[in-house]
Amino acid sequence: ISSEEVEPIGCQKTSILFATERNEPGSLNRILSLFSHDNINLTKILSRPSKSTLGDYIFHIDLNGCPSQPKVKSCLEKVERECSYFKRLGSYIIMELNS
């Protein structure tokens with residue numbers, strides 16, 4: 001995982017953290033629909049209490065792609081605008097092991 005941009009080589013994944021703007025029905029769905037609309041596959045979704053306000057959650061998502069790819073970059077920018085908190089943890093390459 002690196003904070004620097006990497007060239008898309010092989011299978012790339014990116015990890016992000018975010019919190020929705022409001023804690024109300026449909027807030028998470030609005031964020032997830034941005035990924036669906038841009039045809040970006042999510043491989044992991046976790047939620048954890050934010051520990052700052054009762055009922056607020058931080059979401060951890062892993063997605064296929066990296067921010068150097070235009071559609072991923074554009075989608076992450078849209079997600080960030082819709083969130084009260086957003087942090088890109090980094091991108092990494094999945095190496096396949098030969099049997």
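Colleague: Hello! To get my bearings, where is the place of D38?

Modeller: Welcome! D38 sits in the loop between α1 and β2 (42-49). Helices (H or I, at least four residues) and strands (E, at least two) are DSSP runs, numbered from the N terminus. Residues are numbered from 1 along each chain as its sequence is written. This is a predicted model, where local features need pLDDT of at least 70, side-chain atom pairs count only at pLDDT 80 or more, and totals for chains, interfaces and linings use all residues, while side-chain values use heavy atoms, with hydrogens and water left out.

Colleague: Thanks. Is D38 buried or exposed?

Modeller: Buried means under 20% relative accessible area, exposed over 50%, and partly exposed in between (1.4 Å probe, protein chains only). D38 has 15% relative accessibility, so D38 counts as buried.

Colleague: Leaving aside its neighbours within four places in sequence, which residues is D38 in contact with?

Modeller: Contact means heavy atoms within 4.5 Å. With neighbours within four places in sequence left aside, D38 is in contact with K71, C75 and K78. Of these, C75 counts as buried because its relative accessibility is 0%.

Colleague: How many disulfides does the structure hold?

Modeller: A disulfide is a pair of cysteine sulfur atoms within 2.5 Å. The structure holds zero disulfides. Another cysteine to look at is C66, which counts as buried at 1% relative accessibility.

Colleague: Which phi does N39 have?

Modeller: N39 is not a glycine, although its phi is positive, at about 60 degrees. You will find N39 in the loop between α1 and β2, and at 61% relative accessibility N39 counts as exposed. K51 is also a residue other than glycine with a positive phi, near 70 degrees. K51 has its place in the loop between β2 and β3 and is exposed, with a relative accessible area of 83%.

Colleague: How many residues does the largest nonpolar core have?

Modeller: A nonpolar core is a set of buried Ala, Val, Leu, Ile, Met, Phe, Trp, Tyr and Cys residues joined through side-chain atoms within 4.5 Å. Here the largest one has 15 residues, and I16, F18, F35, L76 and V79 have the most contacts inside it. The elements giving two or more residues to this core are β1, α1, β3, α2 and β4 (83-94). α2 gives the most, with four residues.

Colleague: What is F18 in contact with, leaving aside its neighbours within four places in sequence?

Modeller: Beyond those neighbours, its contacts are L28, I31, Y57, I58, F59, I61, C83, Y85 and F86.

Colleague: And how is empty space found?

Modeller: Rolling a probe the size of a water molecule over the atoms shows where empty space is left. On a 1 Å grid over the protein atoms alone, a pocket is an open set of points where a 1.4 Å probe fits, with protein on both sides within 12 Å along at least five of seven lines; lining residues have an atom within 4 Å of a point. Grid points are joined across faces, edges and corners, and a volume is the space filled by probe spheres set on the points.

Colleague: How much space lies in the largest pocket?

Modeller: About 200 Å³. Its lining has 16 residues, and A19, T20, N23, D56 and Y57 are the closest to its centre. β3 gives the most to this lining, with three residues.
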